[in-house]
Amino acid sequence: MPRMMRRMTFIVCGAVLLLGTIGCEKALFPKDAPRSPYERYQTLRGQDRPMTETNVWGGEQPSLRNRLKPLDEP
């Protein structure tokens, strides 16, 4: 019986590893997809806001203040 258990454990572990390495073909959240209903609303009405902005050192950072402004502000 212990030999049978080892064999079953080996098969189950192999199946889990095989399924884990296959993974997903597509990204779960594509970068160009709207992230919320509000972003979709703004895009459809031509009021979309940039996702990133350039900081003082020239790198990109999330544009949180611009994206969290009320919808009626330009």
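1. A word on terms before we start: a residue is called buried under 20% relative accessible area, exposed over 50%, and partly exposed in between, with a 1.4 Å probe and protein chains only. By that scale Ile 11 is partly exposed, with a relative accessible area of 49%. Please keep in mind that this is a predicted model, in which local features need pLDDT of at least 70 and side-chain atom pairs count only at pLDDT 80 or more, while totals for chains, interfaces and linings use all residues. Residues are numbered from 1 along each chain as its sequence is written, and side-chain values use heavy atoms, with hydrogens and water left out.

2. Ile 11 sits in helix α1 (residues 2-22); helices here are DSSP runs of H or I with at least four residues, strands are runs of E with at least two, and both are numbered from the N terminus. Together with Met 4, Met 8 and Phe 10, Ile 11 makes a nonpolar surface patch of about 460 Å². Patches take residues with over 30% relative accessible area and no salt bridge, joining like charges within 9 Å and nonpolar side chains (Val, Leu, Ile, Met, Phe, Trp, Tyr) within 5 Å. The areas come from the Shrake-Rupley method with a 1.4 Å probe, and for residues only the protein chains shown count as cover.

3. Val 12 is also in helix α1 and is partly exposed at 47% relative accessible area. From Val 12 to Pro 2 the C-alpha distance is 15 Å, over ten residues of sequence.

4. Now to the largest pocket, which holds about 210 Å³ of space. A pocket is an open set of points on a 1 Å grid over the protein atoms alone, where a 1.4 Å probe fits, with protein on both sides within 12 Å along at least five of seven lines; lining residues have an atom within 4 Å of a point. Points are joined across faces, edges and corners, and the volume is the space filled by probe spheres set on them.

5. Which helix gives the largest share of that lining? Helix α2 (residues 37-44) does, with four residues. The lining as a whole includes Tyr 38, Glu 39, Asp 48, Arg 67 and Leu 71. By class there are three nonpolar, three polar and five charged residues, where Ala, Val, Leu, Ile, Met, Phe, Trp, Tyr, Cys and Pro count as nonpolar, Asp, Glu, Lys and Arg as charged, and the others, Gly among them, as polar.

6. The model has one salt bridge, meaning a side-chain nitrogen of Lys or Arg within 4 Å of a carboxyl oxygen of Asp or Glu. Glu 39 pairs with Arg 67, their closest N and O atoms being 3.6 Å apart. The pair links distant parts of the chain, 28 residues apart: Glu 39 is in helix α2 and Arg 67 in helix α3 (residues 64-67). Glu 39 is buried at 18%, whereas Arg 67 is partly exposed at 32%.
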